[in-house]
Amino acid sequence: MKYSDIKELTTKEIKELIRDEKLSFTKLRLMHSVNPLDNPHKLKDVKLKIARLKTELRSREIVINEQSDGK
């Protein structure tokens, strides 16, 4: 998922995606520790997706805080 796609999502959708991706990452990591994954790069991809989602969520929080401080 590209960052431009993430920007189009609502805050609620982003929070849900973060929760889902964290769960997915946990499952992948557990599976990888038991039996190596065919594509271990997938772990990195999921971590990056979580980071992108968290970055967008945090930037929205900052904007909201700046708007409330400016009033």
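Tutor: Helix 3 holds a set of buried residues, namely Leu43, Val46, Lys49, Ile50, Leu53, Glu56, Leu57 and Arg60. The model is a predicted one, in which local features need pLDDT of at least 70, side-chain atom pairs count only at pLDDT 80 or more, and totals for chains, interfaces and linings use all residues. Residues are numbered from 1 along each chain as its sequence is written, and side-chain values use heavy atoms, with hydrogens and water left out.

Student: What covers the buried residues of helix 3?

Tutor: The cover includes helix 1 and helix 2, where contact means heavy atoms within 4.5 Å. Helices here are DSSP runs (H or I, at least four residues), numbered from the N terminus.

Student: Why is glutamate 21 called buried?

Tutor: Buried means under 20% relative accessible area, exposed over 50%, and partly exposed in between, with a 1.4 Å probe and protein chains only. Glutamate 21 has 13% relative accessibility and therefore counts as buried. Glutamate 21 lies in helix 2 and touches Val46, Lys49, Ile50 and Leu53, residues up to four places away in sequence not being counted.

Student: Is isoleucine 18 buried or exposed, and what is its relative accessible area?

Tutor: Isoleucine 18 has a relative accessible area of 9%, so this residue is buried. Isoleucine 18 also belongs to helix 2; leaving aside neighbours within four places in sequence, isoleucine 18 is in contact with Leu53, Lys54 and Leu57. Between isoleucine 18 and isoleucine 50 there are 5.9 Å in space, C-alpha to C-alpha, although the two are 32 residues apart in sequence.

Student: What makes helix 2 and helix 3 roughly parallel or roughly antiparallel?

Tutor: Axes are lines fitted to C-alpha atoms, for helices over the stretch in contact, and angles run from 0 to 180 degrees between N-to-C directions. Angles under 35 degrees count as roughly parallel, over 145 as roughly antiparallel, 65 to 115 as roughly perpendicular and the rest as oblique. The axes of helix 2 and helix 3 come within 9 Å and cross at roughly 155 degrees; the two helices are therefore roughly antiparallel to each other.
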